[in-house]
Amino acid sequence: MATESENLSPPQDNGRADNAPKEFVSNPNSYWGVRIRKFASDPSDVEGLEKFKDTVTNDAAAWGIFAALLMTVGFAGVLLSEGDWKEDLEYAEAINYAYIAFQYLVAMLSFLAVIIGTLKYSYFGNLAPSQMDEAVKHSRHWNIAFFVYGACGCQTIASVLSAYLLFGTGIMIVCVVITVISLTIFGMALINQKKSYQALNMFVIANN
């Protein structure tokens, strides 16, 4: 005969939320909508949703760290003065304006990426795993990658301009050649990344 304490024993935790909706409500064609369905079998799969939550927050943190490093470089580059440039250069003043503009764009785009990444990290980090599907559905956070890639592009242009201002045409041409080679490799890396996701049927550009 079972004792009273045995009858009142709590149910075993099976890693599922009994009061969760039966179907996902997030967009199945969005970046995170596709991925949440890979981590969790349904909205009640708490263990899978916990792993998904870690993935989303780690993604925001990784992009945020990258952006913070770019922001440091951007603001440091603005501190260079005309006294550091090589003398007797053609169009030096106009190129100096362009250099400062692109360098400051690096700083501000990276700054915005850090802010957006922090907001995204806080948004998902401060919610329970069982809320992840709803969080993906209602998230209106911009894609940090676009800001970071924009900052990288501006930094590339600013570096070429600074090579001209510091050393003249010859060194600038060398930097342009190296830049073209590097951007070609970067493009190939992005294509390989795209193909890798496509092989898993997970290539999605839509952020939400």
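How many residues apart are lysine 51 and glutamate 47 in helix H3, and what part of a helix separates them? They are 4 residues apart in helix H3 (residues 46-78), so about one helical turn separates them. I will come back to that pair after the overall picture.

Some ground rules. This is a predicted model, where local features need pLDDT of at least 70 and side-chain atom pairs count only at pLDDT 80 or more, while totals for chains, interfaces and linings use all residues. Residues are numbered from 1 along each chain as its sequence is written, and side-chain values use heavy atoms, with hydrogens and water left out.

The overall picture, then. The protein chain has 7 helices and 0 strands, and from the N terminus on its elements run α-α-α-α-α-α-α. Helices here are DSSP runs of H or I with at least four residues, strands are runs of E with at least two, and both are numbered from the N terminus. Of the 208 residues in the chain, 33% count as buried. Buried means under 20% relative accessible area, exposed means over 50%, and partly exposed is in between, with a 1.4 Å probe and protein chains only.

The accessible surface of the chain is about 12,900 Å², and carbon and sulfur atoms hold 63% of that. Such areas come from the Shrake-Rupley method with a 1.4 Å probe; for residues, only the protein chains shown count as cover. As for contacts (heavy atoms within 4.5 Å), take those between residues at least 6 apart in sequence: 72% of them join residues at least 24 apart.

In H2 (residues 31-39), the buried residues are Trp32, Gly33, Val34, Arg35 and Ile36. What do the buried residues of H2 pack against? They pack against H3, H4, helix H5 (132-138) and H7.

Arginine 35 comes up again with the rings. Its charged end sits over the ring of tyrosine 197, at 4.8 Å from the centre. Arginine 35 also lies over the face of tyrosine 31, 3.7 Å from the ring centre. The rule for a charge over a ring is NZ of Lys or CZ of Arg within 6 Å of the ring centre and within 35 degrees of the ring normal. Tyr31 belongs to an aromatic cluster with Trp32, Phe39 and Phe52.

Next, ring against ring. The structure holds 9 aromatic pairs. Rings of Phe, Tyr and Trp (its six-membered ring) pair if their centres lie within 6.5 Å; planes under 30 degrees apart are stacked, over 60 edge-to-face, and the rest tilted. One of the pairs is tyrosine 123 with phenylalanine 124: the centres are 4.9 Å apart and the planes at 85 degrees, so this is edge-to-face.

Tyrosine 149 lies in helix H6 (residues 144-167) and phenylalanine 186 in helix H7 (residues 169-199), so the pair ties together parts 37 residues apart in sequence. Tyrosine 149 is partly exposed at 35% relative accessibility, and phenylalanine 186 is partly exposed at 39%.

Now charges. Side chains of opposite charge can pair when their charged atoms come close. A salt bridge here is a side-chain nitrogen of Lys or Arg within 4 Å of a carboxyl oxygen of Asp or Glu, and the structure holds 2 of them. Lysine 51 is partly exposed, with a relative accessible area of 48%, and glutamate 47 is partly exposed at 48%.

Aspartate 59 and lysine 120 also form a salt bridge, at 3.9 Å from N to O. Aspartate 59 is in helix H3 and lysine 120 in helix H4 (residues 92-125), so this pair ties together parts 61 residues apart in sequence. Lysine 120 is buried, with a relative accessible area of 6%.

To finish, the end of the chain. Asparagine 201 lies in the segment after H7. Its phi is near 55 degrees, a positive value in a residue other than glycine. Asparagine 201 counts as exposed, at 68% relative accessibility.
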